[in-house]
Amino acid sequence: MQQPMTRPGHPVMKSYEQYADMLYRIALVHLGSRQDAEEATQDTFIKLMEKAPVFKDDEHQKAWLIRVITNHCKNLLGRGWRKREVKLEGVEPVTADNPEELAVLQLVLALPVKYKTVIHLYYYEDYPVQEISRILQISESAVKMRLQRGRQLLRLELEGAEAE
């Protein structure tokens, strides 16, 4: 008899307990909406259950989940209906511990997707460049270039905010 996936101790439930918060934060950075981030996280675990890939180790599984949710977020952002979507007033905003962190987080959220992905993985999830390269399946030099350009964009925005 097969064990139901929702029982504690099932590999999918263990993965959910281990990685759901991290995946939610990644989706939140990409999508900027709690509801969309929760849905993207849920969809990622549905893909894990459907595809049931074989992983070499926990790091391989973690990298696969990050790649799936990142690609899922990019697909959501690229859909035509989302581009025409109107933001509702009163939607709960993203929060941070202090006003300075919140200001920087909002600037990170405003970056183009390819920059905010590497910035989030590097600064908020503490991944080294090599690991980000492996997760996103891009070269290390591309990761370094995106980090550099993302930092430049953030610096310009911060200098512009200070000048005002």
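Helix 1 (residues 11–31) packs against helix 3 at an angle of about 30°, with the two axes 10 Å apart. Axes here are lines fitted to C-alpha atoms, for helices over the stretch in contact, and angles run from 0 to 180 degrees between N-to-C directions. Helices (H or I, at least four residues) are DSSP runs, numbered from the N terminus. The model is predicted: local features need pLDDT of at least 70, side-chain atom pairs count only at pLDDT 80 or more, and totals for chains, interfaces and linings use all residues. Residues are numbered from 1 along each chain as its sequence is written, and side-chain values use heavy atoms, with hydrogens and water left out.

Helix 1 and helix 3 are therefore roughly parallel to each other. Angles under 35 degrees count as roughly parallel, over 145 as roughly antiparallel, 65 to 115 as roughly perpendicular and the rest as oblique. The crossing of helix 1 over helix 3 is right-handed; that is, the near helix is turned clockwise from the far one by less than a right angle. On the helix 1 side, the contact (heavy atoms within 4.5 Å) includes Tyr19, Met22, Leu23 and Ile26. Helix 3 contributes residues including Leu65, Ile66, Ile69 and Leu76. By class, this contact of helix 1 with helix 3 has 12 nonpolar, five polar and two charged residues. Ala, Val, Leu, Ile, Met, Phe, Trp, Tyr, Cys and Pro count as nonpolar, Asp, Glu, Lys and Arg as charged, and the others, Gly among them, as polar.

Helix 3 itself spans residues 58–78. Its 21 residues reach 30 Å from the first C-alpha to the last, close to the 30 Å expected at 1.5 Å a residue. The expected span is 1.5 Å times one less than the number of residues. Asp57 caps the N-terminal end of helix 3, with a side-chain oxygen 3.3 Å from the backbone nitrogen of Glu59.

Helix 2 (residues 34–51) also meets helix 3. Their axes come within 9 Å and cross at roughly 125°. Helix 2 and helix 3 are therefore oblique to each other. This crossing is right-handed. Among the residues in contact are Thr44 and Leu48 of helix 2 and Trp64 and Val68 of helix 3. Seven nonpolar, four polar and three charged residues make up the contact.

Helix 5 (residues 99–110) and helix 6 (residues 113–124) pack at about 145°, with axes 8 Å apart. Val104, Leu105, Val108 and Leu109 of helix 5 meet Lys116, Ile119 and Tyr124 of helix 6. Six of these residues are nonpolar, none polar and one charged.

Most residues other than glycine have a negative phi.

Methods:
Helices (H or I, at least four residues) and strands (E, at least two) are DSSP runs, numbered from the N terminus. A polar contact is a pair of N or O atoms within 3.5 Å; within protein, one must be able to donate a hydrogen and the other to accept it, and residues adjacent in sequence count only if both atoms are side-chain atoms.
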